[in-house]
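I opened my notebook to get my bearings in a structure I had not seen before.

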Amino acid sequence: MTEVRPKAGASALWERDAEIAAIAQAVDTLCADRTSSGSLLVLRGEAGLGKTALLAETRRIAEQRGCTVWSARGGETLRSVPFNVVRQLLQPALISMLREEAREYLGDWYDIAGPALGIAEPGERHADPQGVCEGLVAAVRRLARRDWPLVLLIDDAHWADQETLYWLAAFAERLDDLPVLVVVARRPGDISGVSARHLDAVAAASDHPVTTLSALTPGATAGLTRATLGEHADAAFCREVWAVTGGNPYETVELLAKVQDSALEPVEAHAGELRVLNQSARGGGLVARLEQLGIDATRFAWAAAILGTGVTVDLVARLATLEHDAAVRCAELLRSARILTAPDPASNGGSPADLEFVHPLIATAVYNSIPDALRRAMHGIAARIVTDSGRGAAAAARHLIEVHPDDDQELVEQLREAAREHLAVGAPDAARRCLERALEEPPRPEVHAQVLYELGCATFLTAPARTIGHLRAALGMPGLDGDLRVDAVIRLSQALLHNDQMEEAVRTVEAEAARLRPGPARMRLQAVQFMWEGIHAGATLAPDRSERLAELAATCTGRDNSERALLILRGFDAMMRGENAEQIVELCDRALVDGRLAPGLGWTDSEWGVELLLMLAGVYAYTDCLDRAETLYNEALHAYESAGWSGGHLALAHAYVGLGHRRRGRLEAAEASLRESLRLAEKVGRGLPLYWTATCNLVDTLLARGHVDEAWAIAGQYGFAPPYPSTIVLPDPRSVRGRLLLAVGRTEDGINELEAAEKAAATRGHHNPVHVFCAADLARALAAEDPERAARLAVDVRRRAERFGTDTALGEALRLAAALETGQRAVRLAGQALAHLESSPCQYEHAAARIEYGILARSASDLEQGLAVARSCGADGLAERARTELEAGAGLR
């Protein structure tokens, strides 16, 4: 307990010595070394227990030690305003910069984080929420290094907007190498759902236990009472102060202020009057006291509560329809009554506000006291004021969604515009609220379906199941015609795909295509149908599907994107089936414009989606056109990084860059890219196709490197085991899983897995021996116990390789044939395999062929060359095999 009388303004800090000491230590640690790790403190307590006072003390301590302090505060009526709190937090730094300076300082993140921070105009595309979050993290990290030592204070975090909490959770995880102190104050409870999970993640990221504030003890309450009213306050009076307030510091301070105002003598004889005085400071008592100040003052307080932030006398006067002089008198009256107060200039972040509520409890009580109909009407007036000020529909949206539904079509359009602005800055949840409110109005029949479609697009990234319902409803109404209806059908099929309803995704576009006459729209739907069928691993394809696709693609010259899509789909199907590689490449080349992706078919274009381009790049990767494949993969990575798409799209890009490295034989680079892909995929969610792509390729790469134990550990850690995903993964996961089982000595399980892979591939007509390599591995595994079957498999592999025709396929087939032979025939076949793989861009396979030929031919020079290539690939297992043979030396020439 604090024994001495506290200084003025410190009355809420009684019995907070331990908390203040922890804060002071954290500030001292921050100031001691510019390279020190960041720190996070979380203060938790019910309303009125002194969280705000502790943050004010943190500011005092930090500024006394020369720190820069930025602060922000959540608001109960402002939770629907995206990025509200993070904008408050960064205002001091942003205000001090010119726009050109901010652009230069934030670099590539300016166009991504700038719109969310309100310092840049949003683009036309929907911003990726995770990318915006990453941009905000990067922006604050750069600013924090510039302004060291920096302290960030966030009050009432339980009322912060969801977008800020998303950023705060991500930022809190990355404080290890950033010298900044973050102090977050929040109430327990008062929040649920996604925002609650973000706040839990913030607390989990802290290296300090959460500080839970408790009420004052009777002794501390007595000390505070005597410090305020005088030492003559008797013990019975002090005990009653504690009993009435429950030791709540805020209520205690307010009650003692009322005692002073009423000139009540602090003695036992007057203790009975404390309960009535306390009731006037809260709930109904506060409302009654407000009403006693008069109707103008009441209207002024209501208007301030409606605004919630940026409360100026002029703005309140407009909302409350008061003359300026009357508004000034009301403001003074409410200040005298300790309902409103002047904001602390040190902590208001440059806000233009003249006033703020003394405590959030008062703001909540005043807001809830406004009659429902009047509150809705005042929100409508506030929305007009905001709109007339030129701040845009998004700024007015929090008021618009509170207006009573009244068949107002102008309101519907304002909410649709606000939703578009929210999506452009990366706030899809805010867009969803706007569009859901627009549906309550309701929209006119001719636009109702369009609003549902827009709502489906808004929820696409966050709630595929909800998107399905919205889009189905939209498609069941009049109002979606032409290209817009086709867009809605395709978006519905994408949502079904992401919700693991692949069969339904295929049937949806198939049914819509059947309704249309031949033409571009129908061709586009047919292309999407073929695309979903092509990547659906579990589907039993129609026997004539490939023939129908080939027939349709044969009519395509690549004159528009629908035709280009069909050419790509035909090329991918042919590649998976193992048709002639030269003809496959020629098909895909026709889908390009001057060797590049056509306009509207870029990696960030939404009309066709990423799947089509990954098919195109996959064709090149498996037809030995690795230069083209890697160009596409790297373009994807650059496009997503530049656009700030740091979620699933970026995870896929890193995975396919890793696949390109793996095919090329750059195994260490492949491993690094694939591990980064998995790190990003973990944030998106396990079980998704992108997760399988990263895991499958990482296991395959580790096996190629000879790191078998690590590959097995990765498979266990990330669930690389049946059941397999419903979408096609490159390379075939069953084949990789079978190879892994063989490598760890589980031969019987490995053979069973490879046989299942061979059967599944045959069912779908997938006979590309490079993508589905199970037959070759199965032949090697069966060589000793069933040589006849192994030989038959090797013949099939060679036949498929000759049909496909790439050097890699032919070389690998000949390597297998050599492994099953002995003597000079084995040497001859190994030499033929080496000749093909020397011409192949796949250096790992070249290294393996060179070493195998060196062993069979007893050639020291080939072993040395193979060792050099294996080392350059990072293929440690191959290198060790070559080194062992060279060291043995027996019979080498």
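**Entry: the whole chain**

First thing to write down: I am looking at a predicted model. I looked up the secondary structure and found 44 helices and seven strands in the protein chain. Next I checked the extent along the principal axes, and the C-alpha atoms fill a box of roughly 115 × 70 × 50 Å.

How much of the protein chain is buried? Of its 893 residues, 57% are buried. I also looked up the accessible surface, which comes to about 36300 Å². Carbon and sulfur atoms account for 50% of that surface.

Then I turned to contacts between residues at least 6 apart in sequence, and 67% of these join residues at least 24 apart. I looked up the charges too: there are 94 positive and 123 negative ones in the protein chain. Their mean positions lie 2 Å apart.

In which order do the five strands of the open sheet come? I noted 2-3-4-1-5, with parallel pairing. Strand 2 (68–73) and strand 5 (211–212) are the edge strands, so I expect each to pair on one side only, and that is what I find. A reminder to myself: strands of a sheet pair through backbone hydrogen bonds, either parallel or antiparallel.

I went through the neighbours of strand 3 one by one. Strand 2 runs parallel to strand 3, and six bridges join the two. In that pair, tryptophan 70 stands opposite leucine 152 of strand 3. On to strand 4 (residues 180–186): strand 3 (residues 150–155) pairs with it in the parallel sense, over five bridges. Here leucine 153 faces me as the residue opposite valine 183 in strand 4.

Is strand 3 mostly covered or mostly open? I found that six of its six residues are buried. I sorted them by face: Leu150, Leu152 and Ile154 are on one side of strand 3, and Val151, Leu153 and Asp155 are on the other. Both faces are covered.

I also looked for a helix lying across these strands. Helix 2 (residues 51–64) lies across strand 1 (39–44), strand 2, strand 3 and strand 4. Its direction is at about 170° to strand 3.

I picked histidine 422, which lies in helix 20 (residues 409–424). Why does histidine 422 count as buried? Its relative accessible area is 4%, and the cut-off for buried is under 20%. Beyond its neighbours within four places in sequence, histidine 422 is in contact with Pro82, Ala394, Ala397, Ala427, Ala430, Ala431 and Cys434. I checked one of these, alanine 397, which is 25 residues away along the chain. The C-alpha atoms of histidine 422 and alanine 397 are separated by 9.7 Å.

Glutamine 409 lies in helix 20 as well. Glutamine 409 is buried because its relative accessible area is 11%, against a cut-off of under 20%. Not counting residues up to four places away in sequence, glutamine 409 touches Pro442, Pro443 and Arg444.

Key:
Residues are numbered from 1 along each chain as its sequence is written. This is a predicted model: local features need pLDDT of at least 70, side-chain atom pairs count only at pLDDT 80 or more; totals for chains, interfaces and linings use all residues. Side-chain values use heavy atoms; hydrogens and water are left out. Helices (H or I, at least four residues) and strands (E, at least two) are DSSP runs, numbered from the N terminus. Contact means heavy atoms within 4.5 Å. Axes are lines fitted to C-alpha atoms, for helices over the stretch in contact, and angles run from 0 to 180 degrees between N-to-C directions. Buried means under 20% relative accessible area, exposed over 50%, partly exposed in between (1.4 Å probe, protein chains only). Accessible areas come from the Shrake-Rupley method with a 1.4 Å probe; for residues, only the protein chains shown count as cover. Lys and Arg count as positive and Asp and Glu as negative; His and the chain ends are not counted. The place of a charge is taken as NZ of Lys, CZ of Arg, CG of Asp or CD of Glu.
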